[in-house]
Every structure is written in C-alpha cells, then in structure tokens.
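Student: I'd like to learn how to read a contact between two protein chains. Could we work through an example together?

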Amino acid sequence: MKSARLLLASLSLLPILLVGSGPPAAAQSGGQNGKSGSALCADCHREQFTRFAATRMGELFLNHPRNSLERRGCEACHGPGRAHAESGGESKADLITFGRNSPTPVGERNQVCLQCHESTARLFWKGSPHEGRDVGCTDCHQMMSALTERGHLKKATVVETCAQCHLQRKSQQLRSSHMPLREGKMECTSCHNPHGSPGEKLLVASSVNEVCYNCHAEKRGPFLWEHAPVVESCANCHDPHGSNKEKMLKVAKPRLCQQCHIESRHPTNPQLPGTNFTMNRQCVNCHAQIHGSNHPSGNRFLR
Amino acid sequence: MRTRWLAPAVLLLAAFPGARGGAGVAWAQSAPLGNRLSVSLETGGRAYLEELPAAERGKFEEYREVRSGGFLQALSLGLLSPDGRFQGEAVAREIGERDQLVRLRVQDLGRFDLQLRWDRIPHTYSTTARFSATETQRGVYTLPTPRPDTAALNRARLLGAVRLQWDAVRLGLAINPRKDWGFKAEYTRIEKNGERPLGMTVLFRPQEVPEPIEHTVHDLKLTQGFYRQNMQLQFSYDLSVFRNELDRVVADYPFNAVDDPNAGGARQRTALAPDNLAHSLGLAGGVSLPAKTRISGGLSYGWRRQDQTFLPHTINSAIAADPSLTLAQPDLAADARLLRFHLVANSRPLDRLNLTARYRYFDFDDRTQELEFPARVGYGDGRLIKLEHPLTAHRLWHSRQIAGVDGSYRLVPGVQLKAGYGWEQAKRNPEAREVGKSDEHTTKAALDFTRIDWLLLRASYGLSWRRGDPYHEVVEEVLPELRRLDIADRDRERVELLGRLYPLEGLTISAAYSRGLDEYPESAYGLQRDQNWSASGEVSWTPLDRLELYAGYARDQGELRQRSRYREPSVPSNTSFDWVGNSGDRITTYSAGGSLVLLPDRLDLGASWDYSRSVLRMHAFNPTPPAGGTAAQIRSATATNFPTIEQKLMPLSAYLRYSPAADWALTLRYAYEKFEDTDFRTDGLYPAITNAAFLGQEYRDYNAHLLSVTVGFRPALLRPARSTL
C-alpha cells in the first residue's frame, strides 16, 4: 500500500519534468471595438494589475487566453473601458464594478462570473438559496489577488469565508464534539456546495445520508435490521456542525432515545445516575449497533 | 527522541548553503528544461512546559498529534514553466506525524489539472481505557481462566490509546481540452485502521471491548460535461465500495464462565458492518432561455447491494443447535434502488423580479426480500426466544417529494423582499412506520437591505406545519399515545436576522440572531417542544495597515420537553408513572485576537484566544407522585434530575515572528489549551461497575502549555518571479 502511494506521488510529478518552455500565448485586446485593452488599464491601475497578474486567473487571461472572452483581459469582467479611459477615469457609466458600493446590480455582477463558471459546481447556482438572496460571487471570492491557495477566497479559509454570515456555525466548532474543521481536516465545502445543489441545505449530494456515507460508508447498509430514523436522515439524531453532547448528538443520552422509545421496562424508566443505563455510553452500552445490524438476532441492535 | 530533532536539523542544514552561496543558484539553473523552482521549508521544535501525561491527551489529541521534539511543519516545492502556463507543486505538512498532509498538483493552466492529496487524520477515543482480555487473533478477545472478578477488571492493563487512523487519498484529474468540453475523474480511497469502543451485552450486563477497525472505502466519480454559453450537460457515474476485513468480534464474557441456556453464553459474538456497494448514473444540465430564464435539473438512478454472509444466531453452545435457529438463506441479498430527480426554473422577467420554482423527488426503493425468523436469541447471546408470530425484518422504503415557489422583488435598489411557499410529502412503508404519509407546508418571507454601502441587513421568517395520516400501531408493546418525532405532526417556526455594519473603513461589526421553535401538537407522549435561540456578534477592525483586531461572542440556548411513562408489563397504563423530561443547553463562546506588524518585513506578532463554556442539564419530574405499584416499581417510576454536565475549552496562542532576511523567518509560538469536563456519566468511571465491565474511557481535563520555535526558509533565488504557488 505504502509503495503504491509513493509510486502515485512520483508519477504525478513526472509531467512537470516533461513540460516544455514554449513561447507564451499572450494575447491582449487593444483598442478594438471600443475596448481599451488591459495594457491601458494598467497605466492607471498599476497596483491592482500587478496583483491580478500574479494570480492564476490573471496568468490565464493576460498570458494564456483560451478564447475571445479571456483575451479581453480586464474588460472580460469589467466591460468596455474606452469611455472610462477617455474621460480620464471620471466616467464609470459603462463599467461593471464589484465593490460593496457598486451600482451594478448583484445579478449582473454574478452573470459576469457565470460567463465562464456556469458549469460543474455552479450548474445549479440560479434558483439556489444564495442566489435568491442576492449574494454576490464577490461576497465570498476576490479575483484581484490570491489570498488563498485555491478558490480565490476573500478570507484565509473556507470556514472563515462562510462564517462572515454563519456566525453560529463558527462558534459550534469549539464544542467538545465536533468534526475536524478547526484542525483543518475538513471544511464547510466537504459537505456543502454554496453555489447550489440538487439536495437540501446546499448539500453536495441529494440527501443528508448520502453526504455522510461519503466517509462513513460502513453505515450505508442495507442492513438486515434497520433503524428507521437512521435510514431516513442522520440529522435526526446528530448535529454535524458541532455539539456539546457526545458523538455530535442533538440531545444527550438516555433522553435522546427516550424521545421515541416508550415500549416497556428499561427504555421508559426515567433512570437514576449510576446504573448501566446512564453510565458510560448509556443506551449504546448494549444497543451498540444502533445504525443497523446484519446479525440474524440483531433486531434490537445489540450485535 | 533525539532522532525526532535530527531530521529537521539535517534538512535545515542542507538548505542553508543554498540561501547563502552558489549552491542555490546552481540548483535553480539546473532545473529541468529551464523551468523555475521554488522551495519553502518550515521546521522547528516544540516542547511542553509541563509534560502532558498520556491519560490527559485523549481530547487534546483527538484529531491531531502534538508531540514534543522536532517537527517538519511544512515543505513545499514548486515548479513553474518560464511562460507561467505549466505549474507543478508538492506540499507536505506535519510531515511524519499522524495528521500529515501531502498534496501534489500538476496543471496546464485552465486545461489540465492533476491533483493528489493524502491526508492522515487520527481520531482518538480515549487514552485511559483498561482491558483484561488478550487479543488472540484479530477481533477475538480471550479472558484469563478463571474469569477476573470486579477488582481484577479494575486493575487490568492500560490499553494505551484507543484510536482510529484515517488515511484518505484523493486523486483527481480534470481535463478541459476546449472551453465547451470537460472531463473530471476523482478517485478517493479512505482507509481506517485501529480500534474504537464497542458495547456487547448479555442480559443487561454489558461489557465494552475495542472494536477492531480495518475498513476501506473506495469511491470513484467520473463526470463528462458539455458546456455552451446557454446550455450545459453533464453525465456522471459514481461508484462507492465499502470493504471490512472483519465480519465479527468475539469476546469472552466476564460474567459467565460457561454456556447456559438461561444465564447466557460464556462468549459473545457481534456482527460488524457488512461489505456493501453503491453506484449510480446521473444526468444533469441547464439551459438558459430568453427573458433571463434558466431551467436546470438532474436525474440519477442508483443501486445499493449488500450480500455479506450471515453469522449464526448465537455462539452460545447451550442453544446454538436448536433447529428453530436454522437460517433460511445465507445472506440478505440486499437490493435497494435510488431514484433522484430535480428540476429548477428560475426567471427574472423584470429586472426587479426573481422567480423560482423547484421540484425534487427522492425515492429509496428497498427491494430486498423481507426475511422472517421463527425464533431469535435475545439479550445478546442470552436466551432462545421462540416466537408465536415470525419476526419480520421490514424494509424501510421511503420516498420524498419537495416542491416550492418563491419570488423576490426589488422594491428600490438595495431593498429586496422575498416570499415563498414549499411543500414536502414523505411516504414510508406503513408496515414499518406508524405514519404512512405526511405533508409539510412551509411559508417564508425574507427582507434583504443592502441599499446603504455601510449597512447590510438580512431577515427571514419561516412557518411550517406537518400533518400526517392517522397514527397506527406497528409494534404492539409501544404506548399508543406516543408520537415519534420524525413522523409526528409538527409546527415549526424559524427566525433569522443578520446585520453587518461598516461604520469606518476597516471596521466591520456583524451580529446574528436566530430562533427556532418546534411544537408537536398531537404528541401527548414523546418529544413535545424543542426551542432554541442563538445570538452572536463579531467585530473586526484594522485601524492601521499594520494592526488587525477582532473579537466575537456567541450565546446559544436550547430547551426541550418530552413526556414519557414508566411502563411495567404488569401495569403498563398507570398514568401516575408518567414523567416529564426537560433538557436544556446553554453555551457561551468568546473569541478575541489580533496581529501587529512592528517592523515591516521584519517583525510581527499575533495572538488569538477562544473560550467556550457549555452547561447541559437533564431534569425530570413526575406530574403526579407515582402510586399504585410495588415499592420497586414506584422507585423505578420516580423521576429525578441528572447532575449537570459542564464543559469548558480555552485555547490561547501567541506568536512572535522575526525575519532577519527575506529568505528567513523565525517564529516563537506559545500555545495554551485548557479543557475541563464534568460529566457524571464518565467521570471516575472504573472499568467495572456492578454488572458492567467498561473500558473505563473518558476524556480527562488537561492544561497544555506548549512552546515552539519554527524556522521558515524560502530562498529568493529559488522563488519564481511570477507564481502563486
């Protein structure tokens, strides 16, 4: 296994050694069809231009454009700049701007980005909860410099970007029972697609459980004996954003189980501290296979 | 111990000449085919000011490794073609540790992207567990003869860490030969090895053992897309395979030395998660129409299979040979199909108006044959129970339809009003669930205010009500008045407010409030009311280019009320045995921090502090004093409050970074973390209490003081002039 990993790692580095140093395919528009060209923009906006040029997107647009839109450089996103340039920077009437006080409506601003990005993860942007609330691409992303390793995020991490609005979720990371977000091993986008998705709550899959099964496939079954609330939604019992109860539970045991189990004897006993039913892992001391059992006598999820 | 310091020191020494002499220049110039190389390295050492005992590391190292000694924090190599189009990078963090990350990437900008990521994630459950048995083979635990008594169980050897190690390897390839054509392939392999606690029981006397974990998840996703300006189409195939190297755990039972038909077996056997497989085919797309209208949707069909061979009913030799326990088929031969469909239509017929209609259908069609069992072994490997009516393993097929419309209207620029209606219908197997069909209706309204550039306000309100078919009995022994929370009639209310102020350049003040209320009007028993609210605020301020400050506060509170009845089979309807449980949470979180550049490009410092305190109480009372039963029954029916559970976490860290030259950075970091947990359920829990033998695991309080020194090295001669690596 370890040797396979090493081999994969080595192979993935090979292509870079074979890369040639061909001539740059730089192409910038200049003075055509009312365009002023990126070079003209750089005359006045030197600092922004330099920062943008150092980003991957800048590299692509300014040096290696793949199509006519990318060839427009700055004007691909900001629109024709001739009038702006000719007015000495006074007129911004035709320009598309992205700042907080931009007069360009959010939908129009987003449409600029969607010219290229309305595919793969952004396929369902229109009609999504964020789109419906007029959230702009530039509320989370910034194009003019590369603050983050990927995603051109406005904040240093995905979690911090989302936490601009979802403050409660940020504080939930500090709860004793949490996913490894604050350790940097997961991020909000591990489970959610903020650009829209076929599922509820902007999940990356079509149901809560299918998201969880991506990593916890052992709970997928189908099992011989299934626990109904588990099959329908893991979120019936768990709060994946963090909890002060064990295993990210929404309610502490034994009360969690007692919400639904009023059969007879021990499940209905209000219980005293210090017994098998309240100590250690409470109900799960015995009902350990609560996510489902494949044992012929596992109907009570004991084994 | 010495070797831990050695590796980073050697690497650092090897790198040093490159920064000062000609070696670095030679290295850069000798890069293959004229490509340019960038290198950075961060390494150092850390020490606990007071060594943290292993028993206190369980929570501290839950998802990470923080060991004293030398460490290689980060190493990155980047290669950039002279024209900037081709890039390659290799990044490694926490090298050689349990939470190591390695990332490799090669790309032809915008055309080809190959990524490999290997992430190691530890999950520590405990460092205080004790266990008497010996693992004679993987998953088989043998106790000494004679069986240890309670005192001996409590003196058992310490297990060390009960921990899982995840190794997640992700290989992704994206090819975009043309703007309108894209292919993506992603293969993920998650390997989990180690142990986690597992309960096993016979006749209400549980023991806990380390469950051996040898799981592998293989996941392959292939996507082929065709993208035009006004039309996108995507085909996808997903395959997920779960493999468990072990199908059972067998453990000697400490409370029985011989197999007995009434008292249970001398050994216990539990079935572990079975191998399974899922795959699906999907088609998704979107088309943009005139009048700023777009229709998007998707259809996918999936299969799930599981055919792990069943274990026999019991390992208890006193009952195992009973003919009623003969299995009718060797495995479940599970066959479930998933159909998912969704369609969204969005239109902006007027600049001010945004209309959306959506429909979603999810169908989990479990076609597995419903097996029937004439007998079973109850209470763990306890007793043979021959059944009057065969026990049926019902299949939990279910489907869900969700539809909704909403529209937003811009009253004036920057002020938008939104209103919507949603409907959700769930259908379930009526032989397995008490409610076959339920409908939930939701109305919602929202207001967004962004008219003033220094103020943003968002408010939303939602009201929903769920009503189902008449509740019918599925399991005879259940209290008829119980309503289970996931299918019961429910009224739901949600309020969310978000405000953000930008009063000065560099100053941002955010505040959020949310309130939720779920009421179950028909639930005489079960969960009746669940309400919570949360208020949070954050201020970030950059008064100078060199200075950044922030502070935050959050308060969450929840209350939950449930009603139950203690039901002795002889007096199942004694209403004086009713009890009410009130559970409540109060969680307060503070955070503050900042950074300051003392000398630009030379000296800076920063600090961060968080504090979270949670108080959880579970109270219960009897509305009327229990009466009408035996003394033992009345004692069992009498409700009492559980002791309060409280947790505190306070991480604090501060750093001072000095850069004597552009290539070098020296960072001195102090980190303090304090954790306190008061939980009557696990505190001071000896492995064995009366009628139970636990591993004795708990997360202990800790105070960890750490001091670390990191040296960062990034030679300018090896740094490309134009790179974002």
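Tutor: Gladly! Let's begin with an idea we need: a salt bridge is a side-chain nitrogen of Lys or Arg within 4 Å of a carboxyl oxygen of Asp or Glu. Keep in mind that this is a predicted model.

Student: How many salt bridges does the rule find across the interface of chain B and chain A?

Tutor: The rule finds 22 of them there. One pairs the side chains of B:Glu89 and A:Arg56, with N to O at 3.5 Å.

Student: And how many residue pairs are in polar contact between chain B and chain A?

Tutor: The count is 66 residue pairs, both partners at pLDDT 80 or more. On the side of chain B that touches chain A, strand E9 (residues 181-202) of chain B gives the largest share, 11 residues. By class, that side of chain B holds 88 nonpolar, 57 polar and 57 charged residues.

Student: What area do chain B and chain A bury between them?

Tutor: About 13800 Å², with 55% of it on carbon and sulfur atoms. Within the area that chain B buries against chain A, B:Tyr63, B:Phe642 and B:Arg681 supply 5%, more than any other three residues. As for residues, the contact takes 202 from chain B and 133 from chain A.

Student: What pLDDT does chain A average?

Tutor: Chain A averages 86, and 88% of its residues score at least 70. Over residues 1-35 of chain A, though, the pLDDT is below 50. Beyond near neighbours in sequence, that stretch has 72 contacts in the model.

Terms used:
Residues numbered from 1 in each chain as written. Chains lettered and ligands numbered in written order. Heavy atoms only, no water. Contact = heavy atoms within 4.5 Å. Buried area = accessible area lost by both parts, 1.4 Å probe. Polar contact = N/O pair within 3.5 Å; in protein donor to acceptor, adjacent residues only side chain to side chain. Helix = DSSP H or I, 4+ residues; strand = E, 2+ residues; numbered from the N terminus. Nonpolar A, V, L, I, M, F, W, Y, C, P; charged D, E, K, R; others polar. pLDDT = per-residue confidence, 0-100.
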